[in-house]
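Have the viewer beside you while reading.

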Amino acid sequence: MKWITRSLRTRIFLSMIFLVLGASVLIAGVTVYQYKKEAEAYQRDKLKQKEASIRASINYEIQTTTYPVVPENMELIFRKKIYELRNIHNTEINIYNLSGQLVKSSKPTFFKDSSSTRIPKEILNNIRNSPSKRYVNFYTEDGEKLQSSFTYITDKYFKPLGILNLPHIKDDGFIEMQLQDFLRLLAQVYLVLILAAILLSYFLSKYITSSLKTVSEKIHATRLDKENTKISVNKASDEVKLLITAYNSMIDELEESAIKLAKSEREQAWREMAKQVAHEIKNPLTPMRLTVQSFERNFNPQDPNIKQKLKEYSQTLIQQIDTMSSIASAFSNFAKMPAQQSEQLNVPEIVSLALDIFKEHNIEFSTEQGEIKAIFDRSQLIRVVTNLVKNALQASDGTSPEPVKVAVYTENQNVLITVSDKGSGIPEEYKNCIFEPKFTTKSSGMGLGLGIIKNIVEAYNGSITFTTELNKGTTFYVKFPKL
């Protein structure tokens, strides 16, 4: 399971390393096996050649002897010659009769009761049953690898006279020495090969997965609420090209869906806004209607207080008309997106200017430095600050001795304006809808102020956030790029 869950790049890397290691082990195993087979064949051929040379010498002795060439005379024929043959061929020689009994040996001493005076029955049967009438016995003695050959001695008519034995032929290890040298060289080659494979695997896996990484990053960055760029990758494999084509098609469909969704949301928002505006307009219309009806019923030109009553009626109507006018202005301001004037401003100076209208209130202003430049519309920045300060003063409601704190400073490459109050804070259920149009916790107004601020700030690539704690206060953070 761990192997399956690893990244594709890691799996490609490890697979290539394991492939090289597996191939190396396999080649080394086949090489050792082949060398061992060659070593056995080499020893057999070497023994066979030595045996053929000794047999040639024995045949010559048989042909030149003055003794009758019969099995019973084998000891007489080779009584002295066997030592000469040992010295010539540098190997011990034993001659057995056809029943496997030793009749002559080139060793200087010989004990009749020794176990080596007779060929074991199993070996004797192997000699007799062999098509070539020859048998080689491989064995280990005192940690040394030895071999012993048995073959028939025949006369010129190929009639068996005895059995020739070449005992204790040592394996000189020449092939094994060659094998060890070869394996050392092979290990060095494999070491270089594995290092090269690691480097090749690293770069190859990186190359193979680079296109997939690009696709993954693009998919991860895909958002419904913003424009998404399509993927363009050069020299990608056919499989990755299919994936990229599918992603680009998905982006087209996503943009179409986003347009439809945005249109639907705008229509829904305007329907809700229209309902809210209609509701807010109806509120002043009712007292206006009642005032007019009351004036109509109670109008008496002869009343000595007619002027006072007319003035009261007029004031009532004017108040309600002003309320309707403020509703229309707020709605108009929210519907109109702020224009980006690209003015270069000194933010602390503009914020200080915006706070001048609140001189009679308890406001504390601080700035990190006297000059912080940014691109913003002057009037809209004043509007943002005054709206936030006004909300902070209303949240404090004049009951908190703590001042409303306004600060301007820099954070990385951004300007940060904070407005803090020590009011009652924002309840948990209101946090997610504080910037929504028509939301308000006040008894009057349409709740468009923070929505307008959010539109203004985002128009200049900025953001507005807040932190709040019940009964301890709220802080709003306005952040936008600085110069």
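**Entry 1: a charged pair**

Which residue forms a salt bridge with Glu411? I looked it up and found Lys479, with the closest N and O atoms 2.9 Å apart. A reminder that this is a predicted model. I then checked where the two partners sit: Glu411 is in strand 9 and Lys479 in strand 12, so the pair ties together parts that are 68 residues apart in sequence. Are they buried or exposed, or in between? Glu411 has 32% relative accessibility and counts as partly exposed. Lys479 is partly exposed too, with a relative accessible area of 27%.

**Entry 2: the other salt bridges I followed**

I searched the whole structure and got eight salt bridges. One of them joins Lys373 to Glu371, where the closest N and O atoms are 3.7 Å apart. Lys373 comes out as partly exposed, at 29% relative accessibility.

Next I went to Glu84, which forms a salt bridge with Lys81 at 3.3 Å between the closest N and O atoms. Why are these two about one helical turn apart? They are three residues apart in helix 4, which runs over residues 81–89. For my own reference, an α-helix has 3.6 residues a turn, so residues three or four places apart point the same way. Glu84 is partly exposed, with a relative accessible area of 40%, and Lys81 is partly exposed at 29%.

**Entry 3: Glu61**

I noted that salt bridges with shared partners join Glu61, Lys81 and Glu84 into one network, and that sent me to Glu61. Glu61 belongs to helix 2, residues 8–64. Is Glu61 buried or exposed? Its relative accessible area is 12%, and buried means under 20%, so Glu61 is buried. Setting aside neighbours within four places in sequence, I listed its contacts as Ile77, Phe78 and Lys81.

**Entry 4: the largest nonpolar core**

Which members of the largest nonpolar core touch the most other members? Of its 38 residues, they are Val347, Leu388 and Phe480. I then listed the elements that give two or more residues to this core: helix 9 (347–354), helix 10 (378–396), strand 9 (404–411), strand 10 (414–421), helix 11 (449–459), strand 11 (463–469) and strand 12 (473–481). Helix 10 supplies the largest share, seven residues.

I took Leu388 as a probe point. Not counting residues up to four places away in sequence, Leu388 touches Val419, Leu450, Ile453, Ile464, Phe476 and Val478. Apart from this core there is another, of 16 residues, including Ile93, Leu161, Leu164 and Leu166.

**Entry 5: helix 10 in more detail**

How far apart are the end C-alpha atoms of helix 10? They are 27 Å apart, and its 19 residues at 1.5 Å a residue should span 27 Å, so the two agree.

**Entry 6: His168**

I moved on to His168, which lies in strand 5, residues 160–170. His168 is partly exposed, with a relative accessible area of 37%. How far is Glu141 from His168 in space? The C-alpha atoms are 9.1 Å apart, while the residues are 27 apart in sequence. Leaving aside neighbours within four places, I found His168 in contact with Lys107, Tyr139, Glu141, Leu146, Gln147 and Ser148.

Which residues make a nonpolar surface patch of about 270 Å²? Leu191, Leu195 and Ile198 do. I placed Ile198 in helix 6, residues 174–221. Ile198 has 33% relative accessibility and counts as partly exposed.

**Entry 7: whole-chain numbers**

The chain has eleven helices and twelve strands. Of its 483 residues, 33% are buried. I counted contacts between residues at least 6 apart in sequence, and 63% of those join residues at least 24 apart. The accessible surface comes to about 31000 Å², with 55% of it belonging to carbon and sulfur atoms.

Notes. Residues are numbered from 1 along each chain as its sequence is written. This is a predicted model: local features need pLDDT of at least 70, side-chain atom pairs count only at pLDDT 80 or more; totals for chains, interfaces and linings use all residues. Side-chain values use heavy atoms; hydrogens and water are left out. A nonpolar core is a set of buried Ala, Val, Leu, Ile, Met, Phe, Trp, Tyr and Cys residues joined through side-chain atoms within 4.5 Å. Buried means under 20% relative accessible area, exposed over 50%, partly exposed in between (1.4 Å probe, protein chains only). Helices (H or I, at least four residues) and strands (E, at least two) are DSSP runs, numbered from the N terminus. Contact means heavy atoms within 4.5 Å. Accessible areas come from the Shrake-Rupley method with a 1.4 Å probe; for residues, only the protein chains shown count as cover. The expected span of a helix is 1.5 Å times one less than its number of residues. Patches are made of residues with over 30% relative accessible area and no salt bridge: like charges are joined within 9 Å, nonpolar side chains (Val, Leu, Ile, Met, Phe, Trp, Tyr) within 5 Å. A salt bridge is a side-chain nitrogen of Lys or Arg within 4 Å of a carboxyl oxygen of Asp or Glu.
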